[in-house]
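Please view the sequence and the model together.

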Amino acid sequence: MTETNIFAPSAEFSAQANAQPGIYEEAKEKGVDFWAEQARELLTWSKPFTETLDWSNPPFAKWFADGELNACYNAVDRHVEAGNGDRTAILFEGEPGDTASYTYAELKDEVSRVANGIESLGVTKGDRVAIYMPMIAEAVIAMLACARVGAVHSVVFGGFSADALRSRIEDGEAKLVITADGSYRRGKPSMLKPAVDTALEKGAETIEKVLVVKRNGEDVNWVEGRDVWWHELTAEQSTDHTPSAQNAEDPLFILYTSGTTGKPKGILHTTGGYLTQGAFTHKNIFDLKPETDVYWCTADVGWVTGHSYVAYAPLVNGSTQVIYEGTPDAPHRGRFWEIVEKYGVTIMYTSPTAIRTMMKWGEDIPAKFDLTSLRVLGTVGEAINPEAWRWFHRVIGGGKCPIVDTWWQTETGAIMVSQLPGITHAKPGSAQQPIPGITIDVVDDLGDSLPNEQSGFLTIREPWPSMLRTIWGDDDRFIDTYWSRFEKMYFAGDGAKRDADGDLWVLGRVDDVMNVSGHRLSTPEIESALVSHPAVAEAAVVGAADETTGQAVMAFVILNDSAKAEDHDPTQLAEQIRAHVGVEISPIAKPKRVLIVDDLPKTRSGKIMRRLLKDVAEDRPVGDTTTLADPTVMQSIEANFKQS
């Protein structure tokens, strides 16, 4: 976790940056009043608040609790009223290459039609609405329409199964499902509505209506009296709709965390504090200039990043943003860069997984496109390997774009740790410092603060505006899951350490921290070392039980295209890669085994399922693979592991 290369922003960038160095001290001096100022500056309140934070019943926080506002009004109407109705809000790029755009005035009209439409279907304030959609503009419009009427949306990623959808509908007792006939995936129609039909056949009895967007035109089953076409419903609605008055603590959405076992865990976010921290972080971390920037977050709205940094904060801040339906490799591997060039994207927020994948494809692909419009780059989802960071900076950013490496979670609602691009001298692989107004600590098993250069547990010591309020319908589980490990601290479930400079390095989930012969080793650190080998494109590491060392490091690596083209002896190459880790970190960190594989087990959202690799490494039956984008990957890895 030592990073000697420091990347300072240019003097020109720093001079024009939204966030200036005094902001950290200002936030420290003002305490919660800092957030009150942000809430007043960044949002429009129909009833001003007088109380900033009520922490009288921890861990149940209330922010701005006597104030009222509407999330959709803040995201749409007020920009039209301010004379910015002609500004483009959404630039939609479909996977087949079809396009659509919405000005803020057009977005207001469309959202109002949908709001009137869902009210005509019986949806009222407080009702839950399940949204199971592809990454199309209508997904964001549906979320905003729910917020407009005061309904609580529960977005379920369109790649999830019918059973996953059913369990989330049942837990939230949703009244309406909004979906599409389907979408497109790598050039072929992909269906969604059949999964809704299956979910409703198996249960989800609270659903009264299904609202369906016609996207790919494939034939779908139709239940008369229940199913309603979006285009038919909205065509007959007025563009006049008054946003409902929402208390700052009224629920805005439920979002179920992925990868949990047992009953789904519905993270509840409310309105005022969530919008405040979202807007603040979006403005300052991405240095947003809404009059000139074209912003693109590549996340799907099925995940929290798509909620906070697609559906809400960019629109609250009056941004022009790109929404893309497809994948980075269809119809070709330069698709992302083609979109950057086409729309003149200036701010791009994407995942380390996507970056590493495109690294593997080679520099010649992005070199075909004009990426000079880019001025800020961001990463989200996991700690980024320093090697991938440098590639992103050099190849995509042209060596001039600050990179913001953001740490946060579904539960935190908004970014908690990140560079501020005009201030921070960036270290590849480190998220570095909590944002102004946030108190992060690294503690030991007893909850005591650790000195620099010691690994421990990442905790949040003070309440923050966009924090989850509870787990839907289960306050006890909320306390047990997040507040019981350490007294009066939120435990994020991640390990971390501060380096000699006090900068924060996130070490991954605590389960991903291995104890090898008494040494605490983090999987991201070893994975970074593996990826820095010239032959390795991507790597995943797990700790497997070992009689001698307690745990042993097992590494699974994908070779890059150039290494695949060369006639390497696999055994010799694996040994070279092992030795490389020993040089990069320490001999204690050398993997016991390096297995060269064709692919890694990834969910549809791109996360590597390391628990399945652990099953293979510990020679037990591989667990549930239903959430994988390609379940056959594990069969190949298992066979390869046994043969080698």
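The text below goes from the sheet to the ring pairs and then to charges over rings.

The model is predicted. Its strands β21, β22, β24 and β25 form an open antiparallel sheet, in the order β21-β22-β24-β25. The edges are taken by β21 (440-443) and β25 (504-509); each has a single partner strand, so one side of each lacks a neighbour in the sheet. On average, neighbouring strands are turned by 45° against each other, direction ignored. Within the sheet, β22 (residues 456-460) and β24 (residues 490-498) pair over four antiparallel bridges. Gly 456 has Ala 496 in β24 as its bridge partner.

The structure contains 34 aromatic pairs. Two of them are listed here.

| Pair | Centre distance | Plane angle | Class |
|---|---|---|---|
| Trp 35 and Phe 280 | 5.2 Å | 80° | edge-to-face |
| Phe 457 and Phe 491 | 5.6 Å | 85° | edge-to-face |

Trp 35 belongs to helix α3 (residues 32-42) and Phe 280 to helix α10 (residues 272-285), so this pair links parts of the chain 245 residues apart. Trp 35 is buried at 2% relative accessible area, and Phe 280 is buried at 3%.

The other pair joins strand β22, through Phe 457, to strand β24, through Phe 491, 34 residues apart. Phe 457 has a relative accessible area of 8% and is buried; Phe 491, at 13%, is buried too.

Ring pairs also build a cluster from Trp 55, Phe 60, Trp 464, Phe 478, Tyr 482, Trp 483 and Tyr 490.

Charges over rings complete the account. Lys 214 lies over the face of Trp 229, 4.7 Å from the ring centre. The charged end of Arg 593 sits over the ring of Phe 641, at 3.9 Å from its centre.

Conventions
Residues numbered from 1 in each chain as written. Predicted model: local features only at pLDDT ≥ 70, side-chain atom pairs only at ≥ 80, totals over all residues. Heavy atoms only, no water. Pairing = 2+ DSSP bridges. Helix = DSSP H or I, 4+ residues; strand = E, 2+ residues; numbered from the N terminus. Axes fitted to C-alpha atoms, helices over the stretch in contact; angles between N-to-C directions. Phe/Tyr/Trp six-rings, centres within 6.5 Å; stacked < 30°, edge-to-face > 60°. Buried < 20%, exposed > 50% of the residue type's maximum accessible area, 1.4 Å probe, protein only. Lys NZ or Arg CZ within 6 Å of the ring centre and 35° of its normal.
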